[in-house]
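Here are my notes on the model, as numbered points. Please read them with the coordinates open.

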Amino acid sequence: MRELSSGWGRVLVAVYAVFAVASTGRSLVQLGLDAGRAPLAYSLSLLAAVVYLVATTCLLLGGRRAWLVAVAACTVEALGVLTVGTLSYVATDLFPDRTVWSHFGQGYGFLPLVLPFAGLVWLRHTSPRRSAGPDA
C-alpha cells in the first residue's frame, strides 16, 4: 500500500491541517461569541472542522483502516460542502454569516469545494486494492 502522506499526499495533509485549524478556530469563536445568530451554520462549521481533523489524522497515519476512514471523511466533506453550499444560497436566513462550507467555500477561495474531491482522487490512487495487485 502506498503511503497516504507521501508525494501529493503531503500537500493534502498540509492543506487539511490548515483547514482544520482555521475552521476549528473560526467556528469556536462564532459559537462562543454569538451562537444564537446562526446556530446551524456555526455548528456545521464545527462539524467541518472535525471532518478536517479526521482526514488530516488518517492521511498521516496511513494503513487500511485509516484509508477507509479517510474515504468516509472525504465523502462526508463533499456531501457537506455541496449541501451547505446550496442551502446558503437557497435558505439565506440560515446562513447569515460565512462559514467554511457556505457558498461552496467562497470565503476560502473555493478550496473547501475542491479539497474533498482532490482527497478522494488521491485515496483512489493509494487504494489498498490497487497497491495489493490482482489478488486483493
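Where is the place of Gly85? Point 2 takes this up, after a word on conventions.

1. Conventions. This is a predicted model, in which local features need pLDDT of at least 70, side-chain atom pairs count only at pLDDT 80 or more, and totals for chains, interfaces and linings use all residues. Residues are numbered from 1 along each chain as its sequence is written, and side-chain values use heavy atoms, with hydrogens and water left out.

2. Gly85. Gly85 sits in helix α3. Helices (H or I, at least four residues) are DSSP runs, numbered from the N terminus. The relative accessible area of Gly85 is 0%, so Gly85 is buried. Buried means under 20% relative accessible area, with a 1.4 Å probe and protein chains only. Its contacts, leaving aside neighbours within four places in sequence, are Gly80, Trp101, His103 and Phe104. Contact here means heavy atoms within 4.5 Å. Gly85 and His103 lie 18 residues apart in sequence, yet their C-alpha atoms are 4.4 Å apart.

3. Thr99. This residue belongs to the loop between α3 (64-90) and α4 (111-125). Thr99 is buried, at 2% relative accessible area. Not counting residues up to four places away in sequence, Thr99 touches Gln30, Ala41, Tyr42, Ser45 and Tyr108.

4. The largest nonpolar core. A nonpolar core is a set of buried Ala, Val, Leu, Ile, Met, Phe, Trp, Tyr and Cys residues joined through side-chain atoms within 4.5 Å. The largest one has 29 residues, of which Tyr16, Tyr52, Leu59, Val100, Trp101 and Leu123 touch the most other members. At least two residues of this core come from each of α1 (8-34), α2 (39-61), α3 and α4. The largest share, eight residues, is supplied by α2. In soluble globular proteins, nonpolar side chains tend to be buried together.

5. Leu59. Leu59 is among the core members that touch the most others. Leaving aside neighbours within four places in sequence, Leu59 is in contact with Leu4, Ser5, Leu12, Val13, Tyr16, Trp122 and Leu123.

6. For Cys58, the nearest cysteine sulfur is that of Cys74, 9.0 Å away. Cys74 is likewise in no disulfide.

Terms used: Buried < 20%, exposed > 50% of the residue type's maximum accessible area, 1.4 Å probe, protein only. Disulfide = S-S within 2.5 Å.
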